[in-house]
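Please work through the exercises below with the sequence and the structure at hand. Each task is followed by a solution in steps.

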Amino acid sequence: MTYQFDFSALLPFWRDFADGVWLTLQLSAVSTVLGFVGGALCAIARADGPPWLKRIVGAYVEVIRNTPLLVQIFLVYFGIAVLGLRVDANVAAVLALVVNVVAYTCEIMRAGIESVHKAQIEAAECLGLTRAQIYWHVVLRPAIERVYPALVSQYVLLMLASSICSQISAEELTAVANRIQSDTFRSFETYIVVGLVYLALSFVVRWAFWGFGLLVFTRRRKLGTAL
Amino acid sequence: MSAVVKLANVHKSFGPVKVLDGVSFEVGRGEVVAMIGQSGSGKSTALRCINALETIEEGAIEVCGHRIHDDTLDKRALRQDVGIVFQSYNLFPHLTALQNVMLAPTCVKKIGRKEAEALGRDCLARVGLAEKAGHYPEQLSGGQQQRVAIARSLAMRPKVMLFDEVTSALDPQLTGEVLKVMEDLARDGMTMILVTHEMGFARRVANTVIYMRQGRIWESLPGSELANPQTAELRDFVGSGL
């Protein structure tokens, strides 16, 4: 092997890399928050909604989980255009990521909701709590606590999967890399750097979720139970 | 004595199985009624009907003025008057003992946090667990968890309390500490209906003991008379327990 590594060719582009990282984080953060809220609502609908709603949500979840993300992104992106709307590529990217992650969040949360024993709900009913209060205090909080590790994995995966948004010209980290490697012809070096940056981002995101978990799940913190 | 709880000719089936076959009894204010009988005799179902956890097919139940058999029953209003404690405690695992007790007063009665906390600590003190306020359920013994569950019910200041085999999962020592709390409640004038296998407790504390068999009240007698049953079946049943 006689390949001569030359990382110095990438140095002038550090600002572009930084912009890409920033957009990747923004896309991921917004999609995570919207995906969590949407996923929780879908999970409640699927666990406790009227039969027609259960079927609709169930069908949506199955379609999303059984088609490639790249295809979903194209469908959302071109679908918006067909509808005659003009939206920013980043908005389309977030929309597509949310459509995807809501389905996965829904299934993870549903597992959590179903793990809450019926007797817990009965006890809360007997104390006179309303349905909404029961959902919030007795079902969702312990359910989220239980499936939190699975949710974190899903959202780290979302951050990594956001690289696919480069395909619809959202200028996130991978899109930046694609441009830089065609400018410098230093493809291998470029993707080594980008790979390492994604690795670092994953650690940062996991660490942030871990800290957030300690903050929110008081019992885990006080009893020292692993998160 | 005005009746707080009144059952009149209550019928209930689970599929083809008749669980309650014309049950009628009344419980007056401050009275303690113990329901005993074999498993499957309908005693727990009767108790659950009183709190509208089961629907009935025939007859009438009135609890603190709430008509359980009416379609217009406001279950949440009913449950602010009736407390229930279950065999499996059913504490909320992610909340401390104090938070478990405070949850309903803050959510349902909308009382302020400070006031709710004082109320919560007071209720925990009544069951002898003032110093366990900050503990989570998994850090407590079964007997302590059950006492927290009793405190959680007490915090809503119910007019009637129902106990559904609350000591069945506990060893004799832990059973003793839970029964002591219940005895204190009875002495303070709480109206109580309990399903129990603790014959000694029924005899000592209950004003009335109801012996259920095949979905019917087979025999009803004062607790103090439990050693002298009229029917052969009850004699057989208590024979093993006393």
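Predicted model: local features only at pLDDT ≥ 70, side-chain atom pairs only at ≥ 80, totals over all residues.

**Exercise 1. Determine how many helices and strands chain A has, and describe its overall extent.**

Step 1. Chain A contains 9 helices and 0 strands. Read from the N terminus, its elements are accordingly α-α-α-α-α-α-α-α-α.

Step 2. The C-alpha trace of chain A spans about 75 × 50 × 30 Å along its principal axes.

Step 3. Of the 227 residues in chain A, 36% are buried. Among contacts in chain A with a separation of 6 or more, 74% join residues 24 or more positions apart.

**Exercise 2. Compare the transmembrane annotation of chain A with the modelled secondary structure.**

Step 1. An unreviewed UniProt entry lists residues 20-45, 66-85, 91-109 and 190-217 of chain A under "transmembrane region".

Step 2. Residues 20-45 of chain A are 100% helix and 0% strand, with 36 Å between the end C-alpha atoms.

Step 3. Residues 190-217 of chain A are 96% helix and 0% strand, and here the end C-alpha atoms lie 40 Å apart.

**Exercise 3. Characterise the side of chain A that touches chain B.**

Step 1. The contact involves 16 residues from chain A and 18 residues from chain B.

Step 2. On the chain A side, helix H5 (118-126), helix H6 (131-161) and helix H9 (218-223) each supply at least two residues. The largest share, 6 residues, comes from H6(A).

Step 3. Sorted by class, this side of chain A comprises 8 nonpolar, 4 polar and 4 charged residues.

**Exercise 4. Locate His94(B), and decide whether His94(B) is buried or exposed.**

Step 1. His94(B) lies in the loop between strand E6 (82-85) and helix H3 (97-107) of chain B.

Step 2. His94(B) counts as buried because it has 21 C-beta neighbours inside 10 Å, and the cut-off is 20 or more.

Step 3. Apart from its neighbours within four places in sequence, His94(B) is in contact with Arg141(A), Pro142(A), Glu145(A) and Arg219(A).

Step 4. Tyr136(B) is 42 residues from His94(B) in sequence, yet their C-alpha atoms are 7.2 Å apart.

Definitions and conventions. Residues numbered from 1 in each chain as written. Chains lettered and ligands numbered in written order. Helix = DSSP H or I, 4+ residues; strand = E, 2+ residues; numbered from the N terminus. Buried ≥ 20, exposed ≤ 12 C-beta atoms within 10 Å, placed from the backbone. Contact = placed C-beta atoms within 7 Å. UniProt positions renumbered as here; feature names shortened; annotations may be inferred. Nonpolar A, V, L, I, M, F, W, Y, C, P; charged D, E, K, R; others polar.
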